[in-house]
Amino acid sequence: MNHSSDNYDAVIVGGGPAGTSAAIHLAARGARVLLAEQKKFPRTKLCGEFISPECLEHFERLGVAHQMMDAGGAELTETLFYSRSGKSLNVPSEWFGSGRTGALGLSRAEMDVRMMERAREAGVDVLEEAQATGLLLEKDRVRGVSLKTNGRVLEVNSLVAVDATGRSRALARRLEREGKSDRVVTSRRSPLVAFKAHLEGADGHKEHCEIYFYRGGYGGLSRVENGLSNLCFIVQSRDVRACGNDPERVMHEVLMKNRRAAETLERARTHSGWLAVALEGFGRRALVPAPGLLAIGDAASFIDPFTGSGMLMALESGELAAQTIARHLARLRNKESFDETASDYRALYNQVFGARLRVCALMRRAAFVPRFAETIIFALGASAPARRYLARSTR
Ligand SMILES: Cc1cc2nc3c(=O)[nH]c(=O)nc-3n(C[C@H](O)[C@H](O)[C@H](O)COP(=O)(O)OP(=O)(O)OC[C@H]3O[C@@H](n4cnc5c(N)ncnc54)[C@H](O)[C@@H]3O)c2cc1C
């Protein structure tokens, strides 16, 4: 049975950092906002869980900084990149340019639930266990979404819909399947798989995020709350098959070929089960998949995880979309064209993120070619200014 809901200015689908950031900023600007998330929070999430220092400024603007700092996470003062043979280079967290000395190591379960609670406090209507299953269209313009919740379908009308569903791009993909989106940048399927687990007994430095390169991929180890370490790594799917699809074997037979990883993970045991996802590729997607629909966070662009800046981009693009929608809200309420909102969002997005996405696309080559990574680590190891410049270019 279909039910129709009240009208909203914006319905945001996806309760990750992009969706909650957009929702809080929009509610603070007086908009009526619904945030729909398919899962019940807190929930685990595959991620390196390295919250870069600039995110803390966002948390302050979002009114959630104390909640994050009091969550028992770890302060991470630098990132060390280890080549397969054990050579390393360091990037202090303060180089990321926010004036803070530390990044935060905190699980996504803890971080995301705090953002969602803050959204509720800010006046956002939050629906958990509500999966977006379709878009409401009126002459090819998006006018809302259908949500499946509690065994029923709820049709939510809104002036704008926001796809914050992460790499799955659930709303944009729906339009592509129906042939209604003509601005889609397609990418070749990537033969990569990512794994993540919380570990006990890992021997990495308490205040460091350690990144290990190995044949065909890389992984990161850093502390989170409760004295646990988060291990998250990317491997070629052919290596996963060769290890019988067993994450522990992949860790031992692929990741631990990196000399430093072999030391730090020797006595580690998994505390939680493994999470795994296939990665289809990196980079840009459609920012405005259809009139009335904006994409933010990973649904708009998936930046390479070794930069540790995906959550930052999610928070930033959520804020950018909220500012854009708020600026055009009066026009949208008058049912005027979506064209100006769309071109404004595209222009701002390209201005803020264009350069860093181009730099990361270039650096990606080094990340996946082992000898290249070795050479780069050797060359950059000698030059702190070059490392600092590159670190800044990824944000
Ligand atoms: C291997 C790996 C390691 C990473 N490590 C780091 C790191 O250390 N630091 C960092 O900053 N970034 C890291 N990232 C990137 C970071 O995880 C993402 O950039 C970030 O999560 C993007 O946030 P988002 O809100 O766009 O999407 P997500 O966090 O993916 O949130 C999307 C939400 O949408 C919900 N959803 C999906 N479909 C629907 C639907 N149909 N209906 C309702 N809800 C739906 C999902 O349940 C989810 O909660 C990493 C990524 C990978 C793959």
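## Where the two domains touch

In this predicted model, 30 residues of domain 1 are in contact with 27 residues of domain 2. The domain assignment gives domain 1 as 2-75 + 104-188 + 281-364. Domain 2 is assigned as 192-280 + 367-393. Their centres, taken over C-alpha atoms, are 28 Å apart.

The size of an interface is often given as the accessible area lost when the parts come together. Here domain 1 and domain 2 bury about 2100 Å² between them. Carbon and sulfur atoms account for 58% of that area.

## Polar and charged links

Between domain 1 and domain 2 there are 8 residue pairs in polar contact, with both residues at pLDDT 80 or more. The two domains also share 2 salt bridges. E280 and R173 meet through their side chains in a salt bridge, at 3.5 Å from N to O.

## The domain 1 side

Which elements each supply at least two residues of the side of domain 1 that touches domain 2? They are β4 and α10 (339-368). The largest share, 4 residues, comes from α10. By type, this side of domain 1 divides into 12 nonpolar, 8 polar and 10 charged residues.

## A sheet of three strands

Strand β4 also belongs to an open sheet of 3 strands. The order is β3-β7-β4, and the pairing is antiparallel. β3 (50-51) and β4 (74-76) each have a single partner strand, so one side of each is left without a neighbour in the sheet.

β4 pairs with β7 (residues 103-105) over 3 bridges. In this pairing, A74 stands opposite G105 of β7.

Note on methods
Residues are numbered from 1 along each chain as its sequence is written. This is a predicted model: local features need pLDDT of at least 70, side-chain atom pairs count only at pLDDT 80 or more; totals for chains, interfaces and linings use all residues. Side-chain values use heavy atoms; hydrogens and water are left out. Two strands pair if DSSP finds at least two bridges between them. Domain bounds come from an automatic or database domain assignment. Contact means heavy atoms within 4.5 Å. Buried area is the accessible area (1.4 Å probe) that two parts lose on being put together, summed over both. A salt bridge is a side-chain nitrogen of Lys or Arg within 4 Å of a carboxyl oxygen of Asp or Glu. A polar contact is a pair of N or O atoms within 3.5 Å; within protein, one must be able to donate a hydrogen and the other to accept it, and residues adjacent in sequence count only if both atoms are side-chain atoms. Ala, Val, Leu, Ile, Met, Phe, Trp, Tyr, Cys and Pro count as nonpolar, Asp, Glu, Lys and Arg as charged, and the others, Gly among them, as polar.
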